[in-house]
Amino acid sequence: MSTIKQQITEINQRFNELITAANDADALEKIRIDFLGRKGKLTDLMQALKALSQDEKRDIGPLLNNLKVELEALYSKKKIELESNQYQQEAESKSNFDVTSYMPNTLRGSLHPYTYITEIIENVFITMGYEIADGPEMEKEFYNFEALNIPSDHPARDMQDTIWLEMPQMLMRTHTSSVQIHTMQNTKPPLAIVAPGRAYRFEATDASHDYVFKQCEGLLVGKDISMANLLATTKTFLQAIFEKEELVLRVRPGYFPFVEPGIEIDIQCIFCKKGCSTCKQSRWIECMGAGLVNPHVLSHCNIDSLEYSGFAFGFGLTRLAMLKYGINDIRMLHNNSVEFLEQF
Ligand code: DAH
């Protein structure tokens with residue numbers, strides 16, 4: 001009997017020592033198994049109790065029960081303590097996480113300058129009530145030339161060196177002006193569209209030319225449309241593109257078979273006061289061709305030129321992007337170098 005009492009004291013002592021030293025969940029679990037588990041020290045003592053006499057049981061039983069309650073309480077207390085420590089450590093490590101810290105070698109995506117400028121162009125015209133139009137890049141000669149009042153023997157064909165396809169009368173469109181014809185064939189006036197897209201020329205590549213580039217065509221057809229409407233519209237657009245309210249425009253006569261009269265619109269150089277390489281020392285930057293739609297073009301699309309009139313304009317979207325973003329080599333826009341694109 002005395003040995004059981006002794007064992008109770010020993011177990012109590014040992015348990016206290018171990019539980020004080022335990023500093024993680026694994027150590028605690030091992031103590032639970034060794035002392036309170038099904039084959040643990042306390043259970044062994046409980047079994048030993050069964051062999052004792054009634055008197056002894058009366059004497060030892062309560063001691064053992066107290067021991068059990070005590071050990072279990074110590075175990076629970078330690079468990080809560082360890083769990084709350086762990087929780088606190090995790091919270092601390094999270095609060096130390098620096099969301100602004102720099103992570104090397106992460107690639108961030110960005111939009112291509114073409115995408116940016118196309119969005120600006122489309123938004124300006126959408127606010128003026130225009131729709132965005134599209135047309136094929138592989139085009140019939142009729143849409144690229146004939147219907148735009150450029151017959152096959154017309155010298156204006158030489159203005160645009162053409163990439164012909166190995167199919168009769170098929171070519172890569174030399175300008176987005178062909179979208180005018182598709183639009184007028186499919187929509188009754190009044191109509192107003194802009195058509196950004198690719199154009200192709202049979203040309204050698206250098207810093208300012210590529211065989212493929214981007215243009216944007218604009219067309220408005222309605223009643224009593226005049227040069228004043230054209231100038232107000234193009235000025236609003238150029239102010240928005242260059243983000244400059246006080247932009248100075250210059251209008252010169254220009255020849256394009258699909259408009260009459262035809263004009264060229266320049267802006268006063270926005271980069272210098274006395275002349276620079278961008279304006280080639282002239283103080284003026286050529287921006288677009290435009291004019292009032294030639295009545296022949298309207299008739300090709302079955303629009304009565306006595307009832308309706310319109311204006312059209314076209315500009316090099318590639319050129320405007322290069323001007324706006326200060327890009328001095330067209331090849332940078334087209335070769336998709338990540339180093340270049342990352343800047344946008
Ligand atoms: N298509 C012409 C070009 O590629 C640009 C142009 C000029 C479009 C005058 C027009 C216009 O609509 O009226 O150079």
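The model is predicted, so local features need pLDDT of at least 70 and side-chain atom pairs count only at pLDDT 80 or more, while totals for chains, interfaces and linings use all residues. Residues are numbered from 1 along each chain as its sequence is written, and side-chain values use heavy atoms, with hydrogens and water left out.

Me: Is Lys78 buried or exposed?
Reply: Lys78 belongs to helix α4 (residues 54-95); helices (H or I, at least four residues) and strands (E, at least two) are DSSP runs, numbered from the N terminus. Buried means under 20% relative accessible area, exposed over 50%, and partly exposed in between, with a 1.4 Å probe and protein chains only. With a relative accessible area of 11%, Lys78 is therefore buried.

Me: Which residues touch the most other members of the largest nonpolar core?
Reply: A nonpolar core is a set of buried Ala, Val, Leu, Ile, Met, Phe, Trp, Tyr and Cys residues joined through side-chain atoms within 4.5 Å. The largest one holds 43 residues. Those touching the most other members are Ile121, Phe237, Leu238, Phe242, Phe313 and Leu320.

Me: How many residues are in the other core that lies apart from it?
Reply: Among the members of this other core are Ile150, Phe256, Phe258 and Ile303. Its number of residues is 26.

Me: Which residues come nearest to the ligand?
Reply: A residue is near a molecule or strand if one of its heavy atoms lies within 4 Å of it. A polar side-chain atom of His175 is 3.0 Å from a nitrogen atom of the ligand, and one of Gln215 is 2.9 Å from an oxygen atom of the ligand. Of the 16 residues around the ligand, the nearest are His175, Ser177, Arg201, Gln215 and Glu217.

Me: How far is an oxygen atom of the ligand from an N or O atom in the side chain of Arg201, and what share of the ligand's area does the protein bury?
Reply: The distance for Arg201 is 3.1 Å. Taken alone, the ligand exposes 350 Å², an accessible area from the Shrake-Rupley method with a 1.4 Å probe; for residues, only the protein chains shown count as cover. The share buried by the protein is 90%.

Me: Where is the cis peptide bond with omega near 0°?
Reply: Most residues other than glycine have a negative phi, and most peptide bonds are trans. The bond from Pro189 to Pro190 is cis, with omega near 5°, and Pro190 sits in the loop between α7 (178-186) and β4 (191-200). Pro261 lies in strand β7 (residues 259-268). The bond with omega near 0° runs from Glu260 to Pro261.

Me: What is the phi of Gln169?
Reply: Gln169 is in the loop between α6 (141-144) and β3 (170-172). Gln169 is exposed, with a relative accessible area of 54%. Its phi is positive although the residue is not glycine, with a value near 60°.

Conventions
Polar contact = N/O pair within 3.5 Å; in protein donor to acceptor, adjacent residues only side chain to side chain.
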